[in-house]
2 protein chains.
Amino acid sequence: MEQSTRTAELFRSRGLRCTPQRFAVLDFLLRNPAHPTAEEIFLEINRADPRASRATIYNNLRTLIEAGLVREFAQEKRSARFGAQVEKHHHFICERCGRIEDIDWFEVKGIPRAKDLGPHTVREYELVLRGVCQACSTPRRKKTSKTQRST
Amino acid sequence: MEQSTRTAELFRSRGLRCTPQRFAVLDFLLRNPAHPTAEEIFLEINRADPRASRATIYNNLRTLIEAGLVREFAQEKRSARFGAQVEKHHHFICERCGRIEDIDWFEVKGIPRAKDLGPHTVREYELVLRGVCQACSTPRRKKTSKTQRST
DNA sequence: TTATCTGCAAACGCTTTGCATCGGA
DNA sequence: TCCGATGCAAAGCGTTTGCAGATAA
């Protein structure tokens, strides 16, 4: 109730109303570092206030992401992408067209050891680079960029 | 026509029939390093053979993934996950329960320079570690693992 | 010949949207 | 007061599945 005032002001400073549902979403994410799914967030908030709806949770997640207060993870683009290279490799993702390119494997120095990770066991790792690919950064004619669906 | 024979044998060696559609999927992925979506693969294959259906493309992608010939990217689990930590950080993903944990940011030595990446511009990067989290590797009672939807 | 695979259409799961109502500032 | 936010239900999209007919081996 100090923290909550701060959150309320955070919202206002971005032109957002501080509604109970909106507050609950951010509050829950701040307390829960395990990257819950929208459904989990909904279940939690709906438990406290059974009138809270899925639509509102989803809407607020979008709103908070646009406001830079929340981050979405593991959904680079709408649909899954596939590749025939099955050996270890890193990835480059174009933020404009969604294209994913493989980067030849190389070891990364300084991967956290078990002790730094807590008790988790790491089986594999990869580096994900994000940026703009050549096709998208070249302001030529039509561009080859759009790799999205087109039906 | 040499290459294709090799692919056919690859299939057979894993107990898979070599159908035109299945061949086309793997062939397309081998030729196309840009990690196309299922829809893109469908459009391409359907253009050559208008009878090829989406269902078959999807089925074959699953089959090929199970056979270890194809890899799926950027779809850790079914639904998106969210977090309130908006600063740079790395991620640990539990392969059993899908939980995603933030790892405090640290620079990684040896990120490919522009020259090695071709003409792409890297804006940011992150390390993605995959393994088994403590909760899932501890064979205790009920386990806290299941973080999936539960409706 | 026959188990596997295909195409179709319907089902599914997650997410977004249209719209009437509600309520924070 | 009044515009933004909410809840509901329905639509959207990507993906999976049940089933009858087709086909690789």
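Mentor: One definition before we start: contact means heavy atoms within 4.5 Å. Please also keep in mind that this is a predicted model.

Trainee: With that in hand, which residues of helix 3 of chain A meet helix 4 of chain A?
Mentor: On the helix 3 side of chain A they are A:A38, A:E39, A:I41, A:F42 and A:I45, and they meet A:R54, A:I57, A:Y58 and A:L61 in helix 4 of chain A. By class, the residues of this contact are 7 nonpolar, no polar and 2 charged.

Trainee: What makes helix 2 of chain B roughly perpendicular to helix 4 of chain B?
Mentor: Here the axes of helix 2 (residues 20-31) and helix 4 (residues 54-66) of chain B come within 9 Å and cross at roughly 65°. The roughly perpendicular class takes in 65 to 115 degrees, so that label applies to helix 2 and helix 4 of chain B. Their crossing is right-handed.

Trainee: Which residues make that contact?
Mentor: Helix 2 of chain B supplies B:Q21, B:R22, B:V25, B:L26 and B:L29, while helix 4 of chain B supplies B:T56, B:I57, B:N60, B:L61, B:T63 and B:L64. The contact of helix 2 with helix 4 of chain B has 6 nonpolar, 4 polar and 1 charged residues.

Trainee: And how do you know that helix 2 of chain B and helix 3 of chain B are oblique to each other?
Mentor: Their axes come within 10 Å and cross at roughly 120°. Roughly perpendicular stops at 115 degrees and roughly antiparallel needs over 145, so helix 2 and helix 3 of chain B are oblique to each other. This crossing, too, is described as right-handed. From helix 2 of chain B come B:Q21, B:A24, B:V25, B:F28 and B:L29, and from helix 3 of chain B come B:E40, B:I41, B:E44 and B:I45. That contact has 6 nonpolar, 1 polar and 2 charged residues.

Trainee: Why does B:E124 count as buried?
Mentor: Buried means under 20% relative accessible area, and B:E124 has 17% relative accessibility, so B:E124 counts as buried. You will find B:E124 in strand 5 (residues 121-132) of chain B. Setting aside residues up to four places away in sequence, B:E124 touches A:R71, A:V128, A:L129 and A:R130.

Trainee: What makes A:E107 exposed?
Mentor: Exposed requires over 50%, and A:E107 has 52% relative accessibility, so A:E107 counts as exposed. A:E107 lies in the loop between strand 4 (100-104) and strand 5 (121-132) of chain A. Its C-alpha atom is separated by 42 Å from that of A:F23, 84 residues apart along the chain.

Trainee: How many helices and strands does chain A have?
Mentor: Chain A has 5 helices and 5 strands, in the pattern α-α-α-α-β-β-β-β-β-α along the sequence. Of its 151 residues, 43% are buried.

Technical notes: Residues numbered from 1 in each chain as written. Chains lettered and ligands numbered in written order. Predicted model: local features only at pLDDT ≥ 70, side-chain atom pairs only at ≥ 80, totals over all residues. Heavy atoms only, no water. Helix = DSSP H or I, 4+ residues; strand = E, 2+ residues; numbered from the N terminus. Nonpolar A, V, L, I, M, F, W, Y, C, P; charged D, E, K, R; others polar. Buried < 20%, exposed > 50% of the residue type's maximum accessible area, 1.4 Å probe, protein only. Axes fitted to C-alpha atoms, helices over the stretch in contact; angles between N-to-C directions. Parallel < 35°, antiparallel > 145°, perpendicular 65-115°, else oblique. Left-handed = near helix turned anticlockwise from the far one by under 90°.
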